[in-house]
Every structure is written in C-alpha cells, then in structure tokens.
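Me: I would like to go through this structure step by step. Could we start with the terms and then turn to the details?

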Amino acid sequence: MNGKREVLFDQLKKLKVEVEKNSLKELFELNPNRFEEFHVSLDDMVFDYSKIHFNKQILSKLFELIKLCNLEEKRDAMFKGDKINITENRAVLHTALRANLNHSVFVDGEDIIPDIKEVLERMKSFSTDIREGKIVSSTNEKFTDVVNIGIGGSHLGPQMVTQALKPYHDGPDVHFVSNIDSSHLSDTLKGLNPATTLVIIASKTFTTIETMTNAKSAKKWMQEALGEENANKHFAALSTALDKTKAFGISDDRVFGFWDWVGGRYSIWSAIGLSLMIAIGAKNFEEFLQGAYEMDEHFKNASVEENMPIILALIGVWHRNICEYATRAILPYDQRLESFTTYIQQLDMESNGKSVSLSGKQLEVNSGPIVWGEAGTNSQHSFFQLLHQGTSIVPCEFLVAVNNHEEGMDIHNQLLIANCLAQSQALMNGRDINEVKTILKNSGLDDEQIERLAPHKVFRGNRPSSTLIYKKLTPKILGKIIALYEHRVFVEGVIWNIDSFDQWGVELGKELATKMVSYIQGNEPKGLDSSSVGLLMTIKKWNKNIN
C-alpha cells in the first residue's frame, strides 16, 4: 500500500502546482457554483469546504486514497468489534456505546450490548435520584454540587460537553478537577459545602497518580468536615477496580464501570459521562448519544462523495501531506465551545501523533498535525494576526451555530456569525497592494505616507478554511460534531497506516516522574544529567518542605 500511496501523493502534488496557478478568489470567479460543488449536508448541519484550494480532479484523486487503503473494510472491522488496536490487542467500540441497543455487537464471541444497557440504566437511575433528591448526603440534604476528578479523557470530554450544554443544566452544579497542581483542587473546593457535595472519581484502574492524589485530598477535605464514615457517602467512582474503590470506602452500588474497548479520549459516551448526565438529565444525555449514532450511521452508509467525516479527513491529508502545512486551527464561534479545541487536540494528537506504521516501521510521510485554536471572537484579538499576515499558512476550521439560546440578544448572535463568515472570506480574498493604496489615498494620506504604510496593510489571502454551520448547539448536534471529528481522526489514521488507538507516547514521562518524585522528596539523585541535578538541587534549596 505504501508504494501506491506515495505514487498517489506524487500525483496530487503535481495537481497542486496546477491548481495554485489560480488563487482561491479566482477559483470562485471561474466557478460561481463552487459552493454547490464543495459542500455536504447532514440534517441540520452543513459543511462548506469550497474555500479549500483544490478542484474536482484533486478530490477525485483523494477519493482513490480511500479505496487504496481499504477504508470501508477497516471501518466495518471497527464497528463489528475486531481488535484494530493492534499494540494493545483491543477492540475499539466507543460507537457501541451509542448504538441501537436492540442490535448485537460482539467482542471475543460475547454480546456487549447487555452490559452497555445495564451500566446506562444504572447511570440513569443514579443521576435521576441525585437530581430529584432521592439520594441525599450524609446530612440528609440534597446534593447541590458535583466535583468530577479525572484527567485526560476522564476530564476533557465531560468537562467540555458539560460546559457546551450549559443551557440544558437543571441539576446540581458540576465542577471539574484534573491537574495535580494543588491550586486546581483547592480553588475548586473553596466555597463548596462538603455537606452537599458529591465527588466522582474517574479512573478505570483507580491508580492514575494525578487523579488518586486529588481524590485522597478531596476525601481528607470531606472527612475533616463530616467525619470518616459520613465522608464515604459523598463519593462515587467510574472504575472497573472494585477492590480498590471498596478500599477507598465507596460502596459497589456507586461504582460504574466501562471496558478495555473504550479508549480514554473516546469515553464521554460511557460511564465517564455520569457527571454530564447529572447536569443535563438522562433524556438530554440520550439525545447526545443519538446525535453520535446518527453520525455513525452517516459514516457507515453515505457515499464517499457525500460522507462528511471522509471529506473532512481527506482535507486534513491534503493539507498535511500535499500542502505540507504543519498545523490546523479549530475555531468554534461559540463561547460555550471554548474547551472544544482542547478536546479535539487530545483526540487528534494523542491518536495520530505517531511516527511508526502498523508494522512498526518508521513512517515515510507526515502523520498528525499540531492542532490548536480558541473560540471566536476572542481569538481574533490574539493570534489571527498570524493567520492573516504570518509567514506560515494555517488551515482554519470554523464552527458556528445559526441560532443562539438567549432571548432578546439577537444582535450578539448576528455579530458573532458575521465575524465568523467575514474571517473566512478575508482569509480567502486578502487585500492586494493596489486596493490598499486606493484606501489609503481616499483616507487623505500623501504619496510618501502611502508608500511607507501600504506593505504593512497587505493581506496575501489565498489561505484555506472550511466552515461547519449547524442550526443550534443542542445535545444531539454536539453528539454529531464530536463523532464527526472522531471518525475524521480514524480515516486519517487509516490513510497514514498507523494505530490511532494507543498512546504509548505518554508513558515515558509518567515512568520518569515516578522516579523523580523520590529525588524531590529528598533521596539523592543518581545517574541523572547535570541539568536535572541542577534543577533538583535548586528545588531542594528553595522548597520549604524539603530538608
């Protein structure tokens, strides 16, 4: 496959040279129907990729990549539970968590749907009882606050989605703690009432060092206020390690498990979503799952030409491997999606930040790009200067809702949408030197001033962007958007021939940190480089708690 892929890449690079003889602006002038040819719809979502610098011939050649890498076969293998995570010998079945529960999905010959149903029903029952005050605190009070303690996928997913669906909150206030930095837990607990706070500890193995350190400190906080026996009534766990949760003091009926075939960054659909369900209710959580299911069905059944995840992935490959752009910017024009880019950053970079192929050989092509960004319009006043006039071209992916949730604030929404559309137009069209000079002349500047200022006001334009618009940010729509990006990552990984579902790159730092903490606590450093020793000695000198 690799040799044939390289031939295709070489053909695409030649086509790139040809298409770039016309700017994006000129491509629209040559083809006024460009939007009609380069957009795809799914219910109340439209993905516009007409401002990507390619044409029908290039798109057709990109579609050949899909056939070459046997995407459809590999996609079907994922959905049916084959162990496509080869380095961990695991199935990849986050899609089963939002599947039609009347169907069957098998792993090692066992139907996993009954287990999924059982955990989901327990989540619904528990979250509903918390929300309605049927499950109360040790002081017989209704829980007013929930603190979710996790890290990575056990934090980024529930935190992002809970924040995004704020208009649907009608349960206890939900807070999130992830960082081992003491300030994160301390600042979160400050102001909360232990007597009405429930703490959910999210760790599959119940050994994750950051999570368990925070959990133990949270328990100490609770015990100091309520006593040890009462404190246990304020904890629940998302874990499969029942022996460890029991030792922590959490009763089995408050432990919700998930499975090895659910990767951390894909786990929001599982018990990891419990804090979200408590915030928005079981019905809205089911709508969230339904949205993802509908995107799954679209991904499985839509033609390549109309398949939103496939097209989004092919754009990514075009930019990474043919245009050789090192990064991509995710720019949601929705303040409630301010954590969305960070979530996609983990999903994308932890999945496809790989340098070896499935066979263990060094990759001969670039894999996943650097993913970054921020919510608009704030981002316009920070890094958009670089996007418009910097020396690096950064493909931009805009997301925006047509309707907001707030009444009587239409002007805010109109300005938000206008800014989003204007930015993509400005990136495409730019402003040349002649237009700049005309504007400056009309403003009353003399020729000398015009010559001096004009180069600084030129926008080269011709910079690619896509735009995903959707009717309103509802639970169902958000489920579709997340699943869209999940499948995009999968398709790109298939084209690059990598395992998108392991994350060995995070392990070495963890391993070394375990050794390093003993040195920080006073043990003599051995076998370290002079930089590490020098830093440790300085830390020992300055740290008031190290003798």
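Reply: Buried means under 20% relative accessible area, exposed means over 50%, and partly exposed lies in between (1.4 Å probe, protein chains only). This is a predicted model, in which local features need pLDDT of at least 70, side-chain atom pairs count only at pLDDT 80 or more, and totals for chains, interfaces and linings use all residues. Residues are numbered from 1 along each chain as its sequence is written, and side-chain values use heavy atoms, with hydrogens and water left out.

Me: Is K480 buried or exposed?
Reply: K480 is buried, because its relative accessible area is 1%.

Me: Which residue forms a salt bridge with K480?
Reply: The partner of K480 is D43, with the closest N and O atoms 3.1 Å apart. A salt bridge is a side-chain nitrogen of Lys or Arg within 4 Å of a carboxyl oxygen of Asp or Glu. This pair links distant parts of the chain, 437 residues apart: D43 is in the loop between β1 (39–42) and β2 (45–48), and K480 is in helix α20. Helices (H or I, at least four residues) and strands (E, at least two) are DSSP runs, numbered from the N terminus.

Me: And D43, buried or exposed?
Reply: D43 counts as exposed, because its relative accessibility is 59%.

Me: Why can such side chains pair?
Reply: Side chains of opposite charge can pair when their charged atoms come close.

Me: How many salt bridges are there by this rule?
Reply: The count comes to 32. One of them joins E64 and K61 at 3.5 Å, N to O. Both residues lie in helix α4, 3 residues apart, which is about one turn of the helix.

Me: What covers its buried residues?
Reply: The cover for the buried residues of α4 includes α1 (2–19), α5 (71–80), α14 (308–322) and α20 (475–496). Among the buried residues of α4 are I58, L59 and F63.

Me: New topic: where does Y325 lie?
Reply: Y325 lies in the loop between α14 and β10 (327–333). Y325 is buried, because its relative accessible area is 14%. Leaving aside neighbours within four places in sequence, Y325 is in contact (heavy atoms within 4.5 Å) with H319, R320, I393, P395 and P464.
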